[in-house]
Amino acid sequence: MPSFKIAPSLLSADLGNLNAEIASLDKYVDFIHLDVMDGHFVPNLTFGAPVVKCLKSRVPLEAHLMISNPEKYLEDFAKAGSWMITIHFEATLEKTGEVLRKIRDLGVKPAISLNPPTEVKLIEPYLELVDQVLVMSVHPGFGGQAFIEDSLLKIKRLRELKSSLDICVDGGINLETAQKCLKAGANVLVVGSFLLRADNRQKIITELRELK
Ligand code: DX5
Ligand code: ZN
């Protein structure tokens, strides 16, 4: 059994050929990470549920919703075939518990994400409601940014709080930062530009899989 999971972020992929991009990756990865941006919660735009609905994948699809008012779109993303929906604590605040429960009620795995300035203690009350915590290790909005080292402390803290939790890290992941995250206690790696912009993607996945 692999001790950690790998999920490619398609943000740095050819967005005009998403199904071909997925087909080149889905034999080697655990799930596909989809970066949904609204130009409001983050200063960038990508795609929404109608695009997700058109995707074909051998592995499950996780929708990382970097959007304001995610509660308005949960049903759309569930119907579009999301296996997991990740919402941002900063987008839901006091509605967080309600939104996570709604995701579960839709038959989808709920996950919560926190931005680099957000402290772990703010999401502690929700750990029992989620299947995964996604630690943002860059400021959300763009691929190809440098990993923020303080994220490692958050991963360590989350691992102390719950040994069985799936802790995912997203942003600036390469062989070096992946190793640090795994050591700190992460067990799910989202890999964007390092993988998608590589000449030999399979080689990168093999090298990541060899990390301990
Ligand atoms: C950033 C996204 C990430 C990003 C990761 O807002 O949530 O998923 O695409 O890309 P890299 O690995 O290039 O930082
Ligand atoms: Zn993401």
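What is the site of the zinc ion (ligand 2), given the angles among its six donor atoms?

## The zinc site

The site of the zinc ion (ligand 2) is octahedral, with angles of 72 to 171° among its six donor atoms. Six donors count as octahedral if opposite donors are over 155 degrees apart and all others between 65 and 115. Donors here are N, O and S atoms within 2.8 Å of the metal (3.2 Å for Na, K and Ca), and water is not among the atoms, so sites may look incomplete.

Let's meet the protein donors: His33 (NE2), Asp35 (OD), His64 (ND1) and Asp170 (OD) lie 2.0 to 2.3 Å from the zinc ion (ligand 2). Along the chain, the donors follow the spacing H-x1-D-x28-H-x105-D. Distant parts of the chain are linked by a pair of them: Asp35 sits in strand β2 (residues 32–37) and Asp170 in strand β7 (residues 166–170), 135 residues apart.

## How the model is read

This is a predicted model, in which local features need pLDDT of at least 70 and side-chain atom pairs count only at pLDDT 80 or more, while totals for chains, interfaces and linings use all residues. Residues are numbered from 1 along each chain as its sequence is written, chains are lettered from A and ligands numbered from 1 in the order in which they are written, and side-chain values use heavy atoms, leaving out hydrogens and water.

Why does Asp35 count as buried? Its relative accessibility is 4%, and buried means under 20% relative accessible area (exposed is over 50%, partly exposed in between; 1.4 Å probe, protein chains only). Asp170 also counts as buried, at 8% relative accessibility.

Now look along β2, where six of its six residues are buried. Ile32, Leu34 and Val36 are covered on one side, and His33, Asp35 and Met37 on the other. β2 pairs with strand β3 (residues 61–66) in the parallel sense over six bridges; two strands pair if DSSP finds at least two bridges between them. Met37 has Met66 as its bridge partner in β3.

## The whole chain

The protein chain has ten helices and eight strands, which are DSSP runs numbered from the N terminus (helices H or I, at least four residues; strands E, at least two). Its radius of gyration is 16 Å, close to the 17 Å that the globule rule gives for 212 residues, so the protein chain is as compact as a globular protein of that length. That radius is taken over C-alpha atoms, and the globule rule is 2.2 Å times the number of residues to the power 0.38.

Buried residues make up 53% of the 212 residues.

Terms used. Tetrahedral: all angles 85-135°; square planar, octahedral: opposite > 155°, others 65-115°.
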